[in-house]
Structures are given as C-alpha cells and as structure tokens.
Amino acid sequence: MNQNFHNKTAIITGAGIGIGFEIAKQLALQGASVILNDLDTTLAEKAAQAISALGGQVRPIGGDASDMGVLQNLVDEAVSQFGHLDIAVANAGITTYGDFFEYSLAQFQQLMAVNLQGSFFLAQFAARQLKKQGKGGRILFMSSVTGHQSHRHLATYGMTKAGLEQLARGLVLELAPYGITMNAIAPGATLTERTLHDSGYNEIWQKITPTGRAATVEDIAHAALFLLSPEAGHITGQTLVVDGGWTAVSPQPS
Ligand SMILES: NC(=O)c1ccc[n+]([C@@H]2O[C@H](COP(=O)([O-])OP(=O)(O)OC[C@H]3O[C@@H](n4cnc5c(N)ncnc54)[C@H](O)[C@@H]3O)[C@@H](O)[C@H]2O)c1
C-alpha cells in the first residue's frame, strides 16, 4: 500500500460503517491519522479498532455531526492529538424517503440539520483551521446522484445534495487563495450495510445500472482519495459522479 497520506490528519463524519468507514480505512492505511466520527459512539469505537488492527492510526469520537460543539471538537481534537488538520470529509448524511404531499416539517428540519448544516459547519470550522495553518488542505462533501436526477420520494434529500454541490462551487473563490480545495463526490446506488437491508436492492440496481452492478464502498473511497490527494491540487469546486453510468440514462428503480 502506498503512503500518499503520510503525515496528514483527516476528519471523517458518519464513518462507523458504510462509505465513510471505507474512506477512513483507506486514508489510514495510506498513512493518514484519522479522527473517525459517528453518531453511535460504540460503532465509532469498533470501526477505529478494526482499522487500528490493520495498522492504521485512528481516534474515534462519538457525536452528532449536525451539532456545532461536536464539529468544533473534531477539529480541536485533530490539532491536539496530531498537531494539525489537513483533510475534512463531511460524509454524515441521512436518507429520509417521503411522499412530497405528506413530508413533515420535522423530517425536513432533521434532513437540513444533518445533510446541510452539519456539512456546512464542518467545512467552515475545518477551513478556519486550514487557513490559520497556511499550508492548504482538502474539504470533501458527500453528495448523491439524487442531487442530479429525479428519484421518487427522495426530492428533499436530493435538494440537500444539490445544495452541497453548489456550496462546493460557491466556496471556490474564498478558499482557493489559501490552497484549500473544495469538492464533492456524488455516489450512485452503493452497497452498504444500510442499503443491503432493503430487499432486492442489489438485484434492482444491477439491472438498471449501465455497468451491470451497484457501486461498492471501495469504488466511492477510491474516487474520494483521489480528490483528497496531493495530485488533485488543481481540482476545486467540482463534483465527481461515481454511479456506473446511471445518471447518463437514469432508469427508475422499480
Ligand atoms: N449508500 C448509498 O447508496 C449512498 C448513495 C449516495 C450518497 N450516499 C451518501 O453517502 C454518505 C454515506 O452513506 P452511507 O450509506 O455509507 O451511510 P449510512 O446511512 O450507512 O450511515 C453511516 C453512518 O453515519 C452515521 N450517522 C448518521 N447520522 C449521523 C450524524 N448526525 N452524525 C454522525 N454520524 C451519523 C450512522 O450512525 C452510520 O453509522 C451519506 O451522506 C449519504 O447520503 C450514500
């Protein structure tokens, strides 16, 4: 395994399982020191143990990634534990399905709090630290193909993801002078512990994805690590769609 992220410190939210866990694992195995957050503290600790057992350096921190105090603490811990911060990945996001005609204010506000507020303020707190350090850095949002195409009962979720993509573009002018890049990944249907709970998920997406399969967490993490790497220093304000070609044709799942 190469050591592309040697001497880098990364924060990743919502990383107890799924896409965030895989990004945390790959970063740690390529030399990064990782602050691994999850709402579920036990899950964060188990994830950190699993990555440590493979030789990675990880510090688990439980807490809600929509909470200002939790987010600031992630940045503070990165600095106090490892001396500096280099990378922040706002991965935590909730997927709330709902019929538009019935969607409630409580559902709407929870989605905004985690997907938009949490991502926005992690980016702000991380960027303040990166600006202070004066050595640049990387910030990454986790979007979704539902921010590009209509998907039944996911319009509100898709709105939050499209918002994150515009935020990545919109911050370019304020962050570029400090060497901070700001990008997003938009995964298509991805096999995770959560999505594999949905019956027939894998089979449905195999049928309607041009490449003949849903994404794996490794597919998404490989794209994320590229955008977080030193080699991607001239890429900012962009969204990389990783969906096996689904958005090019967008057939709806049954
Ligand atoms: N899985 C997919 O098919 C898919 C597709 C497109 C986009 N995404 C996006 O990728 C990201 C990760 O998706 P996933 O399916 O791997 O995640 P997931 O739903 O499996 O959740 C991963 C972890 O996030 C934690 N979490 C939830 N809310 C949190 C909060 N407020 N604070 C901290 N942690 C929290 C959960 O406890 C869980 O352990 C999300 O932003 C999601 O919207 C996922």
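Biologist: At what angle do helix 3 and helix 4 pack, and how far apart are their axes?
Modeller: In this predicted model, helix 3 (residues 68-82) packs against helix 4 (residues 105-133) at about 30°. Their axes are 9 Å apart.

Biologist: Why give both an angle and a distance?
Modeller: Because two packed helices are described by the angle between their axes together with the distance between those axes.

Biologist: Is the crossing left-handed or right-handed?
Modeller: Helix 3 passes helix 4 in a right-handed crossing.

Biologist: Which residues meet there?
Modeller: From helix 3, the residues are Met-68, Leu-71, Gln-72, Val-75 and Val-79. Helix 4 meets them with Gly-118, Phe-121, Leu-122, Phe-125, Ala-126 and Gln-129.

Biologist: How many of those are nonpolar, polar or charged?
Modeller: Eight residues of the contact between helix 3 and helix 4 are nonpolar and three are polar, with no charged ones.

Biologist: Switching to the ligand. Which residues come nearest?
Modeller: There are 30 residues around the ligand, and Gly-14, Gly-18, Ala-65, Gly-93 and Thr-190 come nearest. Two elements give two or more residues to that shell: helix 1 (18-29) and strand 2 (33-38).

Biologist: Which element gives the most?
Modeller: Helix 1, with three residues.

Biologist: And the make-up of the shell, nonpolar, polar, charged?
Modeller: The shell around the ligand has 14 polar residues, eleven nonpolar and five charged.

Biologist: Now Tyr-178. Where does it lie?
Modeller: Tyr-178 is in the loop between helix 6 (172-175) and strand 6 (180-187).

Biologist: Why does Tyr-178 count as partly exposed?
Modeller: Because Tyr-178 has 15 C-beta neighbours inside 10 Å; a buried residue would need 20 or more, and an exposed one 12 or fewer.

Biologist: What is Tyr-178 in contact with, leaving aside neighbours within four places in sequence?
Modeller: Leu-130, Lys-131 and Gly-136.

Biologist: How far is Tyr-178 from Phe-108?
Modeller: The two are 34 Å apart, C-alpha to C-alpha, and 70 residues apart in sequence.

Biologist: Zooming out, how many helices and strands are there?
Modeller: The protein has nine helices and seven strands. Its C-alpha trace spans about 50 × 35 × 35 Å along the principal axes.

Biologist: What share of the residues is buried?
Modeller: Buried residues are 45% of the 254. As for contacts with a separation of 6 or more, 70% are between residues 24 or more positions apart.

Conventions
Residues numbered from 1 in each chain as written. Predicted model: local features only at pLDDT ≥ 70, side-chain atom pairs only at ≥ 80, totals over all residues. Near = placed C-beta within 6 Å. Helix = DSSP H or I, 4+ residues; strand = E, 2+ residues; numbered from the N terminus. Nonpolar A, V, L, I, M, F, W, Y, C, P; charged D, E, K, R; others polar. Contact = placed C-beta atoms within 7 Å. Axes fitted to C-alpha atoms, helices over the stretch in contact; angles between N-to-C directions. Left-handed = near helix turned anticlockwise from the far one by under 90°.
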